[in-house]
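Subject: Structure handover

Hello,

Here is the structure for your files. Please have the sequence and the coordinates open while you read the notes that follow.

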Amino acid sequence: MLAYLEKQAGYAQAQAFLQSIAKIRESIPKEERQKLPRDFAKNIDRYLYGAPEAE
């Protein structure tokens, strides 16, 4: 699978993007990261717009 992805045109850009996200994550203190909601992706509308919580 990795060989297939490496052949894709956007693989290098995606890899660079993921590395930059990892650097940002590492720059946030652990105690602050622990305050973030674990279900953020599932309930993003709730956190952004106050929509009902997804089940």
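Glu 53 and Arg 46 form a salt bridge, with their closest N and O atoms 3.7 Å apart; the term means a side-chain nitrogen of Lys or Arg within 4 Å of a carboxyl oxygen of Asp or Glu. Arg 46 has a relative accessible area of 33%, so Arg 46 counts as partly exposed. On this scale buried is under 20% relative accessible area, exposed is over 50%, and partly exposed lies in between (1.4 Å probe, protein chains only). The structure holds 2 salt bridges. Glu 32 and Lys 35 also meet through their side chains, at 3.1 Å from N to O. Glu 32 is partly exposed because its relative accessible area is 37%, while Lys 35 is exposed at 60%.

This is a predicted model, in which local features need pLDDT of at least 70 and side-chain atom pairs count only at pLDDT 80 or more, while totals for chains, interfaces and linings use all residues. Residues are numbered from 1 along each chain as its sequence is written, and side-chain values use heavy atoms, with hydrogens and water left out.

The protein chain has 4 helices and 0 strands (DSSP runs numbered from the N terminus: helices are H or I with at least four residues, strands E with at least two). Of its 55 residues, 2% count as buried. The accessible surface is about 5,200 Å², and carbon and sulfur atoms account for 58% of that (Shrake-Rupley method, 1.4 Å probe; for residues, only the protein chains shown count as cover).

A nonpolar patch on the surface consists of Phe 17, Leu 18, Ile 21, Ile 24 and Ile 28, with about 470 Å² of accessible area together. Patch residues have over 30% relative accessible area and no salt bridge; nonpolar side chains (Val, Leu, Ile, Met, Phe, Trp, Tyr) are joined within 5 Å, like charges within 9 Å. Phe 17 sits in helix α2 and is exposed because its relative accessibility is 51%.

The largest pocket holds about 190 Å³ of space. A pocket is an open set of points on a 1 Å grid, where a 1.4 Å probe fits, with protein on both sides within 12 Å along at least five of seven lines; lining residues have an atom within 4 Å of a point. Among the residues lining the largest pocket are Ile 21, Ile 24, Ile 28, Arg 25 and Arg 33. Helix α2 gives the largest share of that lining, 3 residues.

Regards

Definitions and conventions:
Grid points are joined across faces, edges and corners, and a volume is the space filled by probe spheres set on the points.
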